[in-house]
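The following explanation is intended to be read alongside the sequence and the coordinates. Please keep both in view while following the text.

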Amino acid sequence: MPRLSGPELVAALRPSHPGLRVLYLSGYTDDAVVRRGVGEAGAPFLQKPYTPHGLAQKVRDVLDR
């Protein structure tokens with residue numbers, strides 16, 4: 001995203017959408033994402049590359065939480 005990182009966007013949206021569910025996507029490993037401050041520890045994460053089926057499963061998991 002050109003102006004905000006994913007976590008910045010989530011922080012901006014959460015006050016008006018407290019039940020917002022988030023799925024982070026990245027080419028980095030989940031550990032590298034957290035170390036770089038790009039995501040929240042324990043937040044749902046899907047590493048690239050992923051399949052359409054893998055994405056659908058992960059979105060379903062996030063929505064079912």
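The paragraphs below move from the overall layout to the core, the surface and a few local features.

This is a predicted model, in which local features require a pLDDT of at least 70 and side-chain atom pairs count only at pLDDT 80 or more, whereas totals for chains, interfaces and linings use all residues. Residues are numbered from 1 along each chain as its sequence is written, and side-chain values use heavy atoms, with hydrogens and water left out.

The protein contains 3 helices and 2 strands, and along the sequence these elements follow the pattern α-β-α-β-α. Helices (H or I, at least four residues) and strands (E, at least two) are DSSP runs, numbered from the N terminus. Confidence is expressed as pLDDT, the predictor's confidence in each residue on a scale from 0 to 100. The average pLDDT of the protein is 84, and 78% of the residues score at least 70. Confidence is highest in helix H3 (residues 52-64), with a mean of 97, and lowest in helix H2 (residues 30-35), with a mean of 60.

Of the 65 residues in the protein, 22% are buried; buried means under 20% relative accessible area, exposed means over 50%, and partly exposed lies in between (1.4 Å probe, protein chains only). The accessible surface of the protein is about 4,800 Å², and carbon and sulfur atoms account for 57% of that surface. Accessible areas come from the Shrake-Rupley method with a 1.4 Å probe; for residues, only the protein chains shown count as cover. A contact is defined by heavy atoms within 4.5 Å. Among contacts between residues at least 6 apart in sequence, 25% join residues at least 24 apart.

Which residues form the largest nonpolar core? This core has 5 residues, namely Val10, Val22, Tyr24, Ala43 and Phe45. A nonpolar core is a set of buried Ala, Val, Leu, Ile, Met, Phe, Trp, Tyr and Cys residues joined through side-chain atoms within 4.5 Å. Val10 lies in helix H1 and is buried, with a relative accessible area of 8%. The C-alpha atoms of Val10 and Val22 are 7.7 Å apart, although the two residues are separated by 12 residues along the chain. Leaving aside neighbours within four places in sequence, Val22 contacts Val10, Arg14, Pro44 and Val62.

Leu4 lies in the segment before helix H1 (6-13) and is partly exposed, with a relative accessible area of 37%.

A salt bridge is a side-chain nitrogen of Lys or Arg within 4 Å of a carboxyl oxygen of Asp or Glu, and a search of the whole structure finds 1. Asp64 is exposed, at 55% relative accessible area, while Arg60 is partly exposed, at 46%. Leu63 also lies in helix H3 and is partly exposed, at 41% relative accessibility.

Lys48 and Pro49 are joined by a cis peptide bond, with omega about -5°. Most peptide bonds are trans. Pro49 lies in the loop between strand S2 (45-47) and H3.
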